[in-house]
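Here is a note to read beside the coordinates.

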Amino acid sequence: MNPVATPFFFYMLAGLAVVGGLLVITLRKALHSALALIVTLLAVAGLYLMLYAPFVAGVQIIAYAVGIMVLFLFVIVLMSIERQYKDDNTPRFNRMWPMSVAVGCALLALLVSAFAKGKALFPDRRIALPEWSNTQEVAKLVYGEAGKIGEYTFTLEVASLLLLVAIVGAVVMTKRAENSTNTER
Amino acid sequence: MLDIVMSYFGSTVTPGEAGNQLWALVYVIAIVVGILIAATAANLIERKVWAHSRARFATALPVQSRLPPITDVAEANSERPVRGIASGIGLMFGLLAAFTAYTVIPFGPSLAVTDMNIGIVFVLGAMLLAVLGIVGIEWTSNSHQWQHDSPIGVLRLGAHIASYEIAMGVSAISAILMTSMQGKGTLSMIGIVQAQQEEHIWFIFKFFPLGLVAFAIFYISALQLSSTISGAPLNGNDIQPEMTAGYRVGGENPRWSLLMLVEYTILIAMSSIVVTLWLGGWMRPFPSLLAAPIWDLIFPFFPAITFLILATIVAVGVARVSGDSFFGTQRARLAVLAVALGVVAFLLLLIAIAGRSAERHIFSSLRENIGYVYWFVLKVAVFMAMFISYRANRQSSPVDRSMQLGWKVLLPISVSVLVVTAVVGVFAS
């Protein structure tokens, strides 16, 4: 399958991601920032699609653009952060901004140096990526095939254990809160 | 130009795969128009069913009230929006999510905008985006009740959707697992239907109770979701007056009518997913059992017969309308409808007869594709009817009950069905 208008879509999606990222930190209302973040995440999902990684794009949409952002919106609506900032002139940036600028510059320098010096790291021509079997390739890497353990099976199990601990911790913490409110009554 | 138009004819892949943007655009327009018509029709049928189940005879009358969906939308959009265009951003998300899901839903082996490697993941993700839309709609409405009522309602709604999406996703995975029996599993929507074709069984009947249970869980979740999103009786928001129907209170009329469109669009998408995953998508009933040439001859006549029956029903309606001159316009309208349906039936009959021999290429491929769309739409229509009658006749249940159903009943069953399907699949292959 021929890629459709690739440079145009790349620049559009990359521009959307950058503009969304800038809006996240410059917009005044928390909910507007969250919506800008959703735009950024969706644009990044589109970039994944262009890199022939549809499964990563799908997971990006489900996990980040929906799962996490819904939680963000919940918190914003419940805490009504917007109301606090509506009238007063609270500064948009806190005192950590020189640190963030430094980190951002360091990342930029890393990127530039990798682009300038790391010619050996990159392939010298375009690789034909297997778009259609991408999901299957991911599954083979993670779960292995035909009796063999995959390359990342152990890593995946460790990560899932970590997530399980986090879930159990969350349940324990909410349980405790529930008990204390019960005794108060 | 003509080359691009003609080059796609007779293609066996979707326009997305063939890289044909023009036909992809044609498909997109056709799907959007079809969804708009289907949503209007579903709205009308829902009004009728609700009227009958509540004994509201004025609305239930066959002739007098055929236009409410259209007049309502016209009236709603004749009002001036009060809140400016920026407040519609949540609604934009909802519409985007609802219509994006249709890009990969297959109406036939080549009748989808495109086929994606991650089809079902994409559809579920796109429909999940509607949650953002709903929360955004509530927030942007800047409702005066925001401090106590409707935000809590919409948050509860979001929690509801999230809970049922888990059971839905897990039961969908057990259907995807069934595609891997032939050695190559797939997430693609077209691939899932083709796997059912290759295994000669709809997944609802596969590993007998397992497929049925997974289907039932998905369907119950979809029912719960649909009636939670829309203001059906099951809706906890509606039966608890302090919640005031959640996110729907804030918007003025044009936005409310678009919100209805989003809800019906998602409802049709849900039915399409159920049909694709478990009921063989575009396949006609018993494609391998009734594979004799005589059946190949008989089945293509079904679309024509259906439209003929519809035309007959409307014609009988014309005869039944009172002869009083007061009803003159309505009789004329009904007669025009009957004639239009009859013409469609005649055209379908013509195609079914002309496409019998493979020599007339366009007619035979047209006949084939009409058959695919017909069976798909018929199955979806059955599910829509079930959705609507459920929503009209179900008793209300409070939100804690329905959350208990989701977390304590559906989720454990769906996970155990998934595990058992995997075990049975390993032993069967």
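At what angle do the axes of helix α14 (residues 302-320) of chain B and helix α16 (residues 361-393) of chain B cross?

1. **Basis.** This is a predicted model: local features need pLDDT of at least 70, side-chain atom pairs count only at pLDDT 80 or more, and totals for chains, interfaces and linings use all residues. Residues are numbered from 1 along each chain as its sequence is written, chains are lettered from A and ligands numbered from 1 in the order in which they are written, and side-chain values use heavy atoms, with hydrogens and water left out.

2. **Helix crossing.** The axes of α14(B) and α16(B) cross at roughly 55° and come within 9 Å. The axes are lines fitted to C-alpha atoms, for helices over the stretch in contact, with angles from 0 to 180 degrees between N-to-C directions. The two helices are therefore oblique to each other. Angles under 35 degrees count as roughly parallel, over 145 as roughly antiparallel, 65 to 115 as roughly perpendicular and the rest as oblique. Helices here are DSSP runs (H or I, at least four residues), as are strands (E, at least two), numbered from the N terminus.

3. **Who touches whom.** On the α14(B) side the contact uses B:F302, B:P303 and B:T306; on the α16(B) side, B:I370, B:Y374 and B:W375. Contact means heavy atoms within 4.5 Å. By class, the residues are 5 nonpolar, 1 polar and no charged. Ala, Val, Leu, Ile, Met, Phe, Trp, Tyr, Cys and Pro count as nonpolar; Asp, Glu, Lys and Arg as charged; the others, Gly among them, as polar.

4. **Core.** The largest nonpolar core has 106 residues. Such a core is a set of buried Ala, Val, Leu, Ile, Met, Phe, Trp, Tyr and Cys residues joined through side-chain atoms within 4.5 Å. Buried means under 20% relative accessible area, exposed over 50%, partly exposed in between (1.4 Å probe, protein chains only). B:I120, B:M270, B:I273, B:L277, B:W278 and B:F387 have the most contacts inside this core. Helix α7 (residues 119-140) of chain B supplies its largest share, 14 residues. Beyond its neighbours within four places in sequence, B:M270 is in contact with B:M127, B:M168, B:A222, B:L225 and B:F387. A separate core has 8 residues, including B:F327 and B:L334.

5. **Ring pairs.** Over all chains there are 17 aromatic pairs. Rings of Phe, Tyr and Trp (its six-membered ring) pair if their centres lie within 6.5 Å; planes under 30 degrees apart count as stacked, over 60 as edge-to-face and the rest as tilted. B:Y219 and B:F387 form a tilted pair, because their planes are at 45°, with centres 5.5 Å apart. B:Y219 is in helix α10 (residues 208-229) of chain B and B:F387 in α16, so the pair ties together parts 168 residues apart in sequence. Both are buried: B:Y219 at 10%, B:F387 at 0%.

6. **A second pair.** B:F299 and B:W375 are edge-to-face, since their planes are at 70°; their centres are 5.8 Å apart. B:F299 sits in the loop between α13 (293-298) and α14 of chain B, 76 residues from B:W375 in α16. B:F299 is buried at 9%, and B:W375 at 8%.

7. **Chains.** Chain A has 7 helices and 0 strands; chain B has 17 helices and 0 strands. Of the 185 residues of chain A, 20% are buried. For the 429 residues of chain B, the figure is 50%.
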